[in-house]
Amino acid sequence: MRRIVEEMHPYWLEKPLYSNAERQYYESAGKTITLVVADSIIKKTKRITKAMAEKEKENEHENQQNAPQSQQSSFLYLNPLTMEANFFLQTLEDVTRTHGNQLQLDPHLTKLLESIVVGIEKYLDGNPTYIGANETNGESGNTESGVNFVLPAELSKIKRTFSCTACTNRIVGTTINKAVAHLAERHPNPNPNNQPQNPTQHPTRQEKKRAQVEARAKLNIQLPKKAKSLILGEMTNVFKDKYPVADKLKVIPEYDQIEQDLCLLLAPVFPKQQMRVYKFGSRITGIGTRSSDLDVFVDIGNTFHIFEHRASKTTIAKLRTMRMKFVNSNHWRIISVIEQARVPIIKTCHLPTGIECDICLNSLGFCNTNLLKYLFELQPIAQYMCIYVKNWLERCKLTEQITTYSITLMLIYFLQLEKLLPPINVLQDDQGFKQMVGPWIVNFAQKSLSELGLQSVEVTVPVVKKYLKAFFSYYATFKYDRFLVCPYYGIPDVDLLLIEKSLPGRYSNYAQENPDCTLQLRKPMVVHDPIQLNHNVTKAVTRNGLQTFVDYCQQTSALLGDSGQNWRQRNA
């Protein structure tokens, strides 16, 4: 190694193609640095070899006892570096033999040789364990401690094959010279067998999602059995069972008891602040069931008109204070506290009545309920249809993505297109005094059908069934990628690209001040809240969820239209 490095100096002095700066670099770096490293490696190798040999003699008796004879003779030892070093020496000998006295050295090779020398030194600094070979004692005939090595002659039996990943893993040869020639010629004939380019390239996340959506679109998801039994059963029985209960649950004495217990529990916590309790949700609108939660808005300190797109620290602090009172009460049992939701809630159960309650500090839910109650009273067929669609949604197990409020707005929008319900913006514009929650108008003119120029629809099972079939058929073919469901305007084909420009100034002003709180339009499904104009109530719906909903709507529409057969014939 010393001889090779020392010969670098005259070579660089005789090389006319390199500048004086390069010559000085290799003169100093090559001659001084590499020679010092080489000398240190030679000395260190001798010292380590001697120390390992002495240590091996001291431990040979212990190793003989611990290593079974069968294990010593069952396999041969070969260090991977031995194989690699043998390949390097073979290449070195081939190059030396081929070029003779015209050996060459370039900057890349010089750096690599220096890296090899430094790497060897680091390897020796790691104090590698010295492995000795088995030796037979001539006097006793016993085998001394050690291992059986792969013979050096065996190493020549292993041949390398070089392939190029840039040329579709094409095999370019079995020798270094062929590999060098391939790179020097800049990958000649990179794809001789017309193999597909980048065969091992993995798809991106977007490509995987697109493939999943395409595969999901090809599947024919069948309606759940419970949903089929609802559709194919007698609709009269559905309304006989559901409607009286839903209508009765709008006003029951238990609600007064819950309101009183809430005030008794929370008033001492906020003694200097006025407190009011507002009930809302499906129970109050007339589409609930006995298992439905009662939604409650607790107004602490006259916060009815305050709007928070996301709950503030003050609201969260109030919620946590309320939670401690519920935990220590004998009349309430905490189910869970959801602080990270858009509207944080405390889910609790009122033990005297057994009614579960969702308690929040946001007034918009109460305002939405007032609007739905008015529309259901204005056109009673809307309430009947919503009871049926809510039951259908639950049996289809779609409530995790599409809420009762979302499907109700979709139903209202459909009836607006049928000229059975008025657009919400018309009701708000006709109201003289505007009651606001933040930037949103929450009150509306409660006009009659005659004042609105609309006709009343007779509520009979055939009529309800006809409109239900049209409802499911409409949303089975709705173009969700172009339009949104917009009860605020109540007109067909509301374009996703134009909706924000058409909304009133209160929305645009709020969006300019809060750019992170705009209407989320880049979603698979957009159902616009008619009061909180920056809210897409179906933003949680995924593409797969939307496709499932569309499939179910299509199948439901077909089954509702098949009225000429009885249940058993249709089920068969």
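How many nonpolar, polar and charged residues does the lining of the largest cavity have? By class, two are nonpolar, two polar and three charged (Ala, Val, Leu, Ile, Met, Phe, Trp, Tyr, Cys and Pro count as nonpolar, Asp, Glu, Lys and Arg as charged, and the others, Gly among them, as polar). The structure is a predicted model, in which local features need pLDDT of at least 70 and side-chain atom pairs count only at pLDDT 80 or more, while totals for chains, interfaces and linings use all residues. Residues are numbered from 1 along each chain as its sequence is written, and side-chain values use heavy atoms, with hydrogens and water left out.

The lining of this cavity consists of K242, I287, T289, I387, K390, N391 and E394, and α16 supplies its largest share, four residues. Its volume is about 40 Å³, and one cavity of 30 Å³ or more is found in the whole structure. On a 1 Å grid over the protein atoms alone, a cavity is a set of points where a 1.4 Å probe fits but cannot get out, whereas a pocket is an open set with protein on both sides within 12 Å along at least five of seven lines; lining residues have an atom within 4 Å of a point. Grid points are joined across faces, edges and corners, and a volume is the space filled by probe spheres set on the points.

The second largest pocket holds about 1300 Å³ of space. Its lining comprises 44 residues, of which F280, D295, R342, T403 and Y405 are the closest to its centre. Helix α15 gives the largest share of this lining, five residues (helices are DSSP runs of H or I with at least four residues, strands runs of E with at least two, numbered from the N terminus). The lining divides into 14 nonpolar, 19 polar and 11 charged residues.

Turning to the sheet, five strands form an open arrangement with mixed pairing, in the order β3-β4-β7-β6-β5 (two strands pair if DSSP finds at least two bridges between them). Because β3 (275-280) and β5 (332-338) stand at the edges, each with a single partner strand, one side of each is left without a neighbour in the sheet. Strands β5 and β6 run antiparallel and are joined by six bridges, and I338 stands opposite I345 in β6. Helix α12 (residues 253-266) packs on the sheet and touches β3, β4 (294-300), β5, β6 and β7, contact meaning heavy atoms within 4.5 Å.

Conventions: Axes are lines fitted to C-alpha atoms, for helices over the stretch in contact, and angles run from 0 to 180 degrees between N-to-C directions.
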